[in-house]
Amino acid sequence: MFSKKLHVFSLENITILNPDRFPMHPQKSDAIILQHIDYGESDRIVTFFTPEQGLLKGFARGARKSRKRFGAALEPFSGVRLIWRQRPNSSLLNLQEAELLDLRDGLRRDLKALALAAYGCELVTALFGEGGAHPEVYAMLKSLLDQLDVDGGCAEYRLLLELRLLRLSGHEPHLLHCAVCGGALPEQVHFSAEQGGSLCPVCRVPGARPVSLATLGSLARCRETPADRFAGFHLGATTLGEGAPLCTAALDAQLPRRIKSREFLDRLEPLPAAPRPSDGGGHS
Ligand SMILES: [Zn+2]
């Protein structure tokens, strides 16, 4: 059984015919561990996010059997400094060393924080994938994890995370004008993620969700703040009640797949109920 698995990943044994084609010098970068999966009896495959090379995957030989080389550095959500080498004919890197910079132990003691951390890491993986530098996304994710570490999880952080990811992935919904005709909006608006955002009464489509202009204004102001700032936001019940489901819906319209960690998050802290169409809205 093991030899069968080894056959798939037996890149260590491949003879390099032309070493110049493969830059084998070690590379070093700070990184955030997104997840790891066990491989064979003693190894791990680790997914991590770097500022300059985005999402990468590495093979950590012996990571499960001996803690000498990697220690606790490969735990998800940890901040680390990694050294790796490329492997010929493989996008899977060969992890050499991992220095633990910040385990973020605080977020591991708070279920909501843990659920939000997993959600953030899974969203970054789904939206940005492998390849390409995303320094702003790295800074945003690092800041979110740091905040969860010191402060636990809350509904504001989820909303901010989703708003920032919409912006950083280039999928901002139209908030303060009609997404279809570009016209001005009245006090009571509707929102459709499929239509690209807010809708005026003329462009409103069936199934669009009612929302007040005041909530859209609050979301627009949040969106304009630096992507790596999470501290100091306190949103009113109306803004959260109306705005949080809009952000999740807008993100869902862009995601290539279902986000597994959201189910756990929703069980811990359900999104506020959608306002009834007859509600007069309200201000945050
Ligand atoms: Zn319109």
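Strand 2 and strand 3 run antiparallel and are joined by seven bridges. Within this pairing, Thr47 has Lys57 of strand 3 as its bridge partner. The two strands form a hairpin, with three residues between them. The model described here is a predicted one.

Strand 1 and strand 2 are likewise antiparallel, and seven bridges join them. Here His36 has Val46 in strand 2 as its bridge partner. The hairpin of strand 1 and strand 2 has three residues between the strands, and in it Gly40 adopts a positive phi near 60 degrees.

A parallel pairing occurs between strand 3 (residues 54-60) and strand 5 (residues 90-102), which three bridges join.

Trp84 lies in strand 4 (residues 79-87). Is this residue, Trp84, buried or exposed? Trp84 is buried, because 23 other C-beta atoms lie within 10 Å, and a count of 20 or more meets the criterion for burial.

Beyond its neighbours within four places in sequence, Trp84 is in contact with Pro26, Gln27, Gly58, Leu93, Asn94, Leu95 and Gln96. The C-alpha atoms of Trp84 and Glu97 are separated by 7.0 Å, although the two residues are 13 residues apart along the chain.

## Helix 2 against helix 7

Helix 2 also meets helix 7 (residues 260-268): their axes come within 9 Å and cross at roughly 155 degrees. The two helices are therefore roughly antiparallel. Helix 2 passes helix 7 in a left-handed crossing.

On the side of helix 2, the contact is made by Leu111, Lys112, Ala115, Leu116, Ala118, Tyr119 and Glu122. These residues meet Lys260, Ser261, Arg262, Phe264, Leu265 and Leu268 of helix 7. By class, the contact comprises eight nonpolar, one polar and four charged residues.

Three strands form an open sheet in the order 7-6-8, with antiparallel pairing. Strand 7 (197-199) and strand 8 (209-212) stand at the edges with a single partner strand each, so one side of each has no neighbour in the sheet. Neighbouring strands of this sheet are turned against each other by 45 degrees on average, direction ignored.

Strand 6 (residues 188-192) pairs with strand 7 in the antiparallel sense over three bridges, and His190 stands opposite Leu199 of strand 7. Helix 5 packs on the sheet, where it touches strand 6, strand 7 and strand 8, and its direction makes about 75 degrees with that of strand 8. Helix 6 (residues 237-252) packs on the sheet as well, touching strand 6 and strand 8; the direction of helix 6 makes about 130 degrees with that of strand 8.

## Helix 4 against helix 5

Helix 5 (residues 213-224) also meets helix 4 (residues 155-168), with axes that come within 10 Å and cross at roughly 70 degrees. Helix 4 and helix 5 are therefore roughly perpendicular to each other. The crossing of helix 4 past helix 5 is right-handed.

Leu160, Leu163 and Arg167 of helix 4 meet Leu219, Cys222 and Arg223 of helix 5. By class, this contact has four nonpolar, no polar and two charged residues.

## The chain as a whole

The secondary structure of the chain comprises seven helices and eight strands. The chain has 284 residues, of which 34% count as buried. Among the contacts with a separation of 6 or more, 64% are accounted for by residues 24 or more positions apart.

Notes. Residues numbered from 1 in each chain as written. Predicted model: local features only at pLDDT ≥ 70, side-chain atom pairs only at ≥ 80, totals over all residues. Axes fitted to C-alpha atoms, helices over the stretch in contact; angles between N-to-C directions. Helix = DSSP H or I, 4+ residues; strand = E, 2+ residues; numbered from the N terminus. Parallel < 35°, antiparallel > 145°, perpendicular 65-115°, else oblique. Left-handed = near helix turned anticlockwise from the far one by under 90°. Contact = placed C-beta atoms within 7 Å. Nonpolar A, V, L, I, M, F, W, Y, C, P; charged D, E, K, R; others polar. Pairing = 2+ DSSP bridges. Buried ≥ 20, exposed ≤ 12 C-beta atoms within 10 Å, placed from the backbone.
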